[in-house]
Amino acid sequence: MSENGHHDYRVGDGMEVTLHFTVKLEDGEVVDSTRDKQPATFQLGDGNLPPGFEAPLKGMVAGDTGAYEITPEHAFGQHNPQNVQRLSRDSFEEAVEPGTVMSFADAAGGEVPGVIASVDERHVEVDFNHPLAGRTLTFEVEILAVKPATTH
C-alpha cells in the first residue's frame, strides 16, 4: 500500500488527522464519542483538541488504535474552588435546582456555562469549572487517515 506514499504519513504538526474517538470517565461512562456519527477531522495544533489529547497521537499512522489515560492537567484542568461563586438568590428569576446548567454573562460580555452547585434560601452557588475538570479521562482512538493539511 505504500508505493504511492499516501499511507506512510504519521500524525504530527501540520498534519490533518481523521479519527474515531471515545472519551470515558474513570468508571467507564462515555462522555463523548464519534462512534455513532461522523469521524472527527482536525489539524494537529489547531486548538480543537486539548494538547494532552494530541500528544499521544503523535507518530501514529492510519489504522493504528490506542487507549490513553489523560490526567486532569492535560485534559480540562483541576477543579478550581475559585471558579465556584455565590450569587444572590434574588438575581435568579426562575427556580433553580442543583445540577442545572445555565448560561451566565462574563465580564467581557460573553457567555459562560455554569452548573448550579447548591441552593439555599438566600444564595445560589454556581460552579464555573469545566464539567470534566479534575477528572482523569480515557481517550480511545482509531486513526482513519493522516495527510498533510492544506493551508488556505
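Among contacts in the protein between residues at least 6 apart in sequence, what percentage join residues at least 24 apart? The share is 62%. The model behind these views is predicted.

**View 1. The protein has one helix and nine strands.** The elements run β-β-β-α-β-β-β-β-β-β. The radius of gyration is 20 Å, while the globule rule gives 15 Å for 152 residues, so the protein is more spread out than a compact globule. The C-alpha trace spans about 70 × 40 × 25 Å along its principal axes.

**View 2. Four strands build an open sheet.** Their order is S5-S8-S7-S6. The pairing is antiparallel. Strand S5 (84–88) and strand S6 (101–105) are the edge strands. Each of these two pairs on one side only. On average, neighbouring strands of this sheet are turned by 45° against each other, direction ignored.

**View 3. Strands S7 and S8 pair in the antiparallel sense.** Strand S7 covers residues 111–119. Strand S8 covers residues 123–127. Four bridges join the pair. Which residue in S8 does Val119 stand opposite? Look for Val124.

**View 4. The accessible surface of the protein comes to about 9,600 Å².** Carbon and sulfur atoms account for 48% of that surface. Now look for what is covered. Of the 152 residues in the protein, 30% are buried.

Definitions and conventions. Residues numbered from 1 in each chain as written. Predicted model: local features only at pLDDT ≥ 70, side-chain atom pairs only at ≥ 80, totals over all residues. Heavy atoms only, no water. Pairing = 2+ DSSP bridges. Axes fitted to C-alpha atoms, helices over the stretch in contact; angles between N-to-C directions. Rg over C-alpha atoms; globule rule 2.2 N^0.38 Å. Buried < 20%, exposed > 50% of the residue type's maximum accessible area, 1.4 Å probe, protein only. Contact = heavy atoms within 4.5 Å. Areas by Shrake-Rupley, 256 points an atom, 1.4 Å probe, with all protein chains shown as cover.
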